[in-house]
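Work through the exercises below with the structure open. Each task is followed by a solution in steps.

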Amino acid sequence: MGNKMVCMPIKEFKGTFRYRSRKEMKRSSSMKKLMSEKDKISHLSQRYESCVINRVVPTRSQPPRSLSDPLPNHKQVPIFVEKIETKKVILVHGEGLGAWCWYKIVPMMEEAGMVPVALDLAGSGTNNSIDFSRITSLEDYSKPLMNYLGSLADNEKLGPAELFLKESQNLLYGNGKEKPPTALLLEKDQIKCLYFNHCSPKDVALASMSMRAVPLVPMMEKMKLTAENYGNVRRFFIHTSDDNILRLQIQEEMVQKNPPHGVYKIKGSDHSPFFSKPRSLNKILLEIAQL
């Protein structure tokens, strides 16, 4: 019996079935997988936001004032700082990062005449003298910073968690499975989507190779902020408009709970403006130093 082929007009053929090439099917499968990963990232981000916004007890302070708009990242205008009381700036990294994240900001600040100092907190960056499972408080985590500040000259002036832990799939148990988790370790795709969604591939690669586990106890510790101590330090908040870890709504809540002395905004920045918008961030830091 021979094969039979019937030709149909395109008009009649339309609506019967559609042949999909392997390439199209693979693309469709990849898109579904990507959407699934984005849903997971969004869910993780929301739980992280809940953790951050609920761990700080508000303190009274003066209402923030709006400051100047940042410099677009592509413009290169030299900035020089003069007539300020101190030129030393302490740069403190965020969770899972290290002093290395400031590598774009440090040379720009030095060029402007500042003296930037980037530190590694306990168990972060190149500071591997202590294991994350031994970091059991915010005091332990911030000890390198406090030690450095304590070494400065006296006349120098310096400019729901439970749900998160229960649902997170990236927890490390340094003290054994029978005890509470001790750290959080994100995968490369999560790192890119949450921290560096507007950064270059090179910056993402550097971060993926350099980031370490985040000690959980300091991250979950509730802080009571007082007007006598925390309130007497000038503080400034920088909104990052395209932040996948802390949405603008959450950032606004943080500002309302603890009003800073001033608020800046960087358009088109992810959670890591030191990578995605270094020039804008540098301009803001130098302006703050001169206030």
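A residue counts as buried if its relative accessible area is under 20%, as exposed if that area is over 50%, and as partly exposed in between. The model used here is predicted.

**Exercise 1. Decide whether W102 is buried or exposed, and do likewise for F274. Then classify the ring pair they form.**

Step 1. W102 has a relative accessibility of 10%, so W102 is buried.

Step 2. For F274 the value is 7%, so F274 is buried.

Step 3. To describe a pair of aromatic rings, give the distance of the centres and the angle of the planes. The structure holds six aromatic pairs. In the pair of W102 and F274, the ring centres are 5.3 Å apart and the planes stand at 50 degrees.

Step 4. Planes under 30 degrees apart would count as stacked and planes over 60 as edge-to-face.

**Exercise 2. Describe the surroundings of T240.**

Step 1. Locate the residue: T240 is part of strand β9, which covers residues 236–240.

Step 2. Check the accessibility: the value is 7%, so T240 is buried.

Step 3. Look at the side chain: a polar contact of 2.9 Å joins the side chain of T240 to that of D243.

Step 4. List the contacts, leaving out residues up to four places away in sequence: T240 touches L248, Q251, I266, S269, D270 and P273.

**Exercise 3. Describe the position of R134 and state whether R134 is buried or exposed.**

Step 1. R134 sits in the loop between β4 (115–119) and α4 (138–141).

Step 2. The relative accessibility of R134 is 53%, which is over 50%, so R134 is exposed.

Step 3. Apart from neighbours within four places in sequence, R134 is in contact with S129 and D140.

Step 4. G123 is eleven residues from R134 along the chain, and their C-alpha atoms are 9.1 Å apart.

Conventions: Residues numbered from 1 in each chain as written. Predicted model: local features only at pLDDT ≥ 70, side-chain atom pairs only at ≥ 80, totals over all residues. Heavy atoms only, no water. Helix = DSSP H or I, 4+ residues; strand = E, 2+ residues; numbered from the N terminus. Buried < 20%, exposed > 50% of the residue type's maximum accessible area, 1.4 Å probe, protein only. Polar contact = N/O pair within 3.5 Å; in protein donor to acceptor, adjacent residues only side chain to side chain. Contact = heavy atoms within 4.5 Å. Phe/Tyr/Trp six-rings, centres within 6.5 Å; stacked < 30°, edge-to-face > 60°.
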